[in-house]
Amino acid sequence: MPITYRVTSSLLALLITTGALAQVSVLNVNYDKQQTGANLQETVLAPSINWSSFGKVGTFAVDGQVYAQPLYVPDVMIAGKKYNVLYVVTMHNSVYAFNADAPQTATPLWQANLGPIVPNGLYNFTDIVPEIGILGTPAIDAVKQVLYVVSNTLPSDTTTVPIYQLHALSLVSGREVMREVMATGRERVAAPVLVSGTVKGNGPGSDNGSVSFDAFMQLQRPGLMLSNGILYVSFGSHADIGNYHGWLMAYDAATLHLKAIFNASPNGRQAAIWQSGRGPSFDNNGDVYVSTGNGDFDGQEDFGESILHLSGSDLSLKDWYTPTEWADWNESDSDLGSAGVIFLPHTNSMLVGGKAGLLHLVSADSMGHLGPDNSSSIQSVRLTDWGIFTMALWAQTNPIIYVYDPQGILKAFQIVNNQINATILSQFTPAIAGTYGGLSLSANGTQDGIAWLTTGNTNLAGVPGTLHALDASDLSNELWNSDLAGGSRDTLGRLAKFATPTVANGRVYVPTFSNTVEVYGAVGANTTSGAGFISAVANAASQLEGPVSPGEVVTIFGANMGPAVTASAEVENQRVPTTTGGSSVLFDGTAAPVLSASSDQITAVVPFGVAGPTTKVQVLYHGNAVGSATVPVQAATPAIFTANGTGGGQASVLNQDGTANSKTNGAALGSVVTILATGGGATTPASQDGAIAVAPYPAFVLPVSVTIDSVPETIQYAGPAPGQVAGMMKIDILISPDTPVSPYDQIVLKVGNYSSPLEVLIVVQ
């Protein structure tokens, strides 16, 4: 029987050299324990550099969306050679180690997958689509060379009960590094630790006076933090759904034994600790500070809408502040915990931003408990009409706090004599901005500050975001942005919500929802494209990886697979070509129709002749092999296209009058609607690869059915989409009078025994 865990002695021997420790490392989200969001040791990038020579120098392709901040460790010895390594985690539960100094080399130094993902369809919300895997930024112990990360997985023996697992991976190999010492004295590699815990409480979901951690209800959003040998892991919710709680857990980093656990609402519910991904913050004594969201409050055990000071050793509550209007904030979803806590370096004060648009400066000496927005313990200043999610601090004599206003404005304010000056110091309004952004600050101490802002629309696939470099001393001075260069040389992928860019040693590493981390730096002769790499093959409608089927439209993600500017297929003689923009795709040697191609994405149609348990996918660019991957094959892989192309949310549906189905334009009971899909499998007679569908239309071999909120609907037509490439499906359905009237009806397409993902919605009115 296992009796203990420990880090291997061989791992301890792999210490980073003293010289390496003097270099810049990024070991946790937002750079430091105070969560400032600033790297103040950047000596290469400065407002005075030649910005005409700055741009995108490479792309690291991965197998899923990247929410977490990439982490950077210098001088890691891998296979007998030292590398400066960038560590990237994805929502597909994968961890990558890339050579940070060779962004043109798409192949990772190593890659590890931590288990099957949790499909978003398990939950009735579409804030995160299409999958949930590794969401929170890992934490790294650079001395012991261990990366700590939490994965959200759906075990193969269940379809509805996800779990969280805590892993300790070697920076060198990606392998689990913990060892179990058995009762016999022998050692073996330990399995990752199942996240679990129980506290006393009688709130909803409790059992006999105890509240247990429920992985189904919780979302591991904040970054992990490591302090004084203790690893801190915190949890929020899935869009405020269900009987969730705010949890903070403390693990012994050497053994992964649970040392302490804190629940922010044991006798109530909610009080999530989510903080838009910001990790817990720490003071000079090692104590922990977090802020909570909407939830129950009693000032004794339940602390919704609160700022909490917890002991770093045992997570006991030491002090707290809750605004008197907490109940009103609950009603209006004004979430005090939306931006987390920044502890001001060299002070005993902290900054906290919330959805109410207020920035609070709170004294850690006496936080004030239940009280007004302004008192001897707290100053609150309204900086936005609604919402603070993203902020960064430039520590100096009079610190500057940068706050992204959801109206699309980055604002700077100064803190003078430990008071927020409400007068805007400077501001920047990007030409195109959305509600959310990412922010990071680099500087050489108190000089040469640059604010790195990412903007864009997180809700639309295929629409690139923008990276802005702004003079941190005067935000109105935009130094550079990724849209300035001709063509798409510097184009950023789809904006990653709340994701923090990483600035280290003259380069900027930007996570995206396009399954990439884009790398920016000095453009030179050595920034030409390197070898290609396939990172994922996904259904083009659902964006989920998995088996492919005959005729399925797929998206292939990777790097250096095609032209820098996206090329679209030109139909000739009623056929889609097998080469577009110089890129071609083979499935078991058969050329596939290529609908579009770029360096990091190719959309193609699986040949109808594909069969067998697996198929080998190969990408060629100008006839040269780029990369290959082997994927499973099954008879059908149905998925409904969505209006925004993300794989979840509003389905791409036409109402009977030809208008788009939407929240304000639902379909009537008894009307006919049309949905577009793919993954229907083989047809009879057999469809021709790349042919444009014309009458008479073939039928799908497997039966097709549709349900809306589990109500079977009448299918009037199910076949190839007229005028579209073979593989695109069109289904006309007559909505049953028994269908629930709702703006969030779940629509599911079934082909044979295969069903589409559950996160697609139709509006019935």
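Biologist: Which residues lie nearest the centre of the largest cavity?

Modeller: This is a predicted model. In it, N30, S276, R278, F498 and T500 lie nearest the centre of the largest cavity, and 21 residues line that cavity.

Biologist: What volume does the largest cavity have?

Modeller: About 180 Å³.

Biologist: And how many cavities of 30 Å³ or more does the structure hold?

Modeller: There are 3 of them.

Biologist: Back to the lining of the largest cavity. How many nonpolar, polar and charged residues does it have?

Modeller: Its lining has 9 nonpolar residues, 10 polar ones and 2 charged ones.

Biologist: Which residues sit on each side of strand 28?

Modeller: S349, L351 and G353 are on one side, with M350 and V352 on the other, and both faces are covered. In a regular strand, side chains alternate between the two faces of the sheet.

Biologist: In what sense does strand 28 pair with strand 27?

Modeller: The two pair in the antiparallel sense, over 3 bridges, with strand 27 at residues 341-343. V341 stands opposite V352 of strand 28. The two strands form a hairpin with 5 residues between them, and H346 in the turn has a positive phi of about 65°.

Biologist: What about strand 28 and strand 29, parallel or antiparallel?

Modeller: Strand 28 and strand 29 (residues 358-363) run antiparallel, joined by 5 bridges. S349 stands opposite S363 in strand 29. That hairpin has 4 residues between the strands, and G357 takes a positive phi near 90°.

Biologist: Which residue of strand 26 stands opposite L310?

Modeller: L317 does. The pairing is antiparallel, over 4 bridges, between strand 25 (residues 307-310) and strand 26. They form a hairpin with 6 residues between them, where L315 in the turn has a positive phi of about 60°.

Biologist: And strand 26 with strand 30, parallel or antiparallel?

Modeller: Parallel, with 3 bridges joining strand 26 to strand 30 (residues 369-371). There, P323 stands opposite G371.

Biologist: In what order do the 5 strands of the open sheet come?

Modeller: The order is 44-45-51-50-46, and the pairing is antiparallel. Strand 44 (533-539) and strand 46 (567-568) are the edge strands, each pairing on one side only. Within the sheet, strand 50 (residues 594-597) and strand 51 (residues 601-605) pair over 3 bridges, and V594 stands opposite A604.

Biologist: Now single residues. Where is S583, and is it buried or exposed?

Modeller: S583 is in strand 48 (residues 583-587). Its relative accessible area is 0%, so it counts as buried.

Biologist: Which backbone oxygen lies 2.9 Å from a polar atom of its side chain?

Modeller: That of M561. Leaving aside neighbours within four places in sequence, the contacts of S583 are M561, G562, P563, T578, V594, A597, I602, L620 and Y621.

Biologist: Last one: why does T59 count as buried?

Modeller: T59 counts as buried because its relative accessible area is 13%, and the cut-off is under 20%. The residue is in strand 3 (residues 54-61).

Biologist: What does the T59 side chain make a polar contact with?

Modeller: The side chain of E518, at 2.6 Å. Not counting residues up to four places away in sequence, T59 touches P103, T516, V517, E518 and A559.

Conventions: Residues are numbered from 1 along each chain as its sequence is written. This is a predicted model: local features need pLDDT of at least 70, side-chain atom pairs count only at pLDDT 80 or more; totals for chains, interfaces and linings use all residues. Side-chain values use heavy atoms; hydrogens and water are left out. Buried means under 20% relative accessible area, exposed over 50%, partly exposed in between (1.4 Å probe, protein chains only). Two strands pair if DSSP finds at least two bridges between them. On a 1 Å grid over the protein atoms alone, a cavity is a set of points where a 1.4 Å probe fits but cannot get out, and a pocket is an open set with protein on both sides within 12 Å along at least five of seven lines; lining residues have an atom within 4 Å of a point. Grid points are joined across faces, edges and corners, and a volume is the space filled by probe spheres set on the points. Ala, Val, Leu, Ile, Met, Phe, Trp, Tyr, Cys and Pro count as nonpolar, Asp, Glu, Lys and Arg as charged, and the others, Gly among them, as polar. A polar contact is a pair of N or O atoms within 3.5 Å; within protein, one must be able to donate a hydrogen and the other to accept it, and residues adjacent in sequence count only if both atoms are side-chain atoms. Contact means heavy atoms within 4.5 Å.
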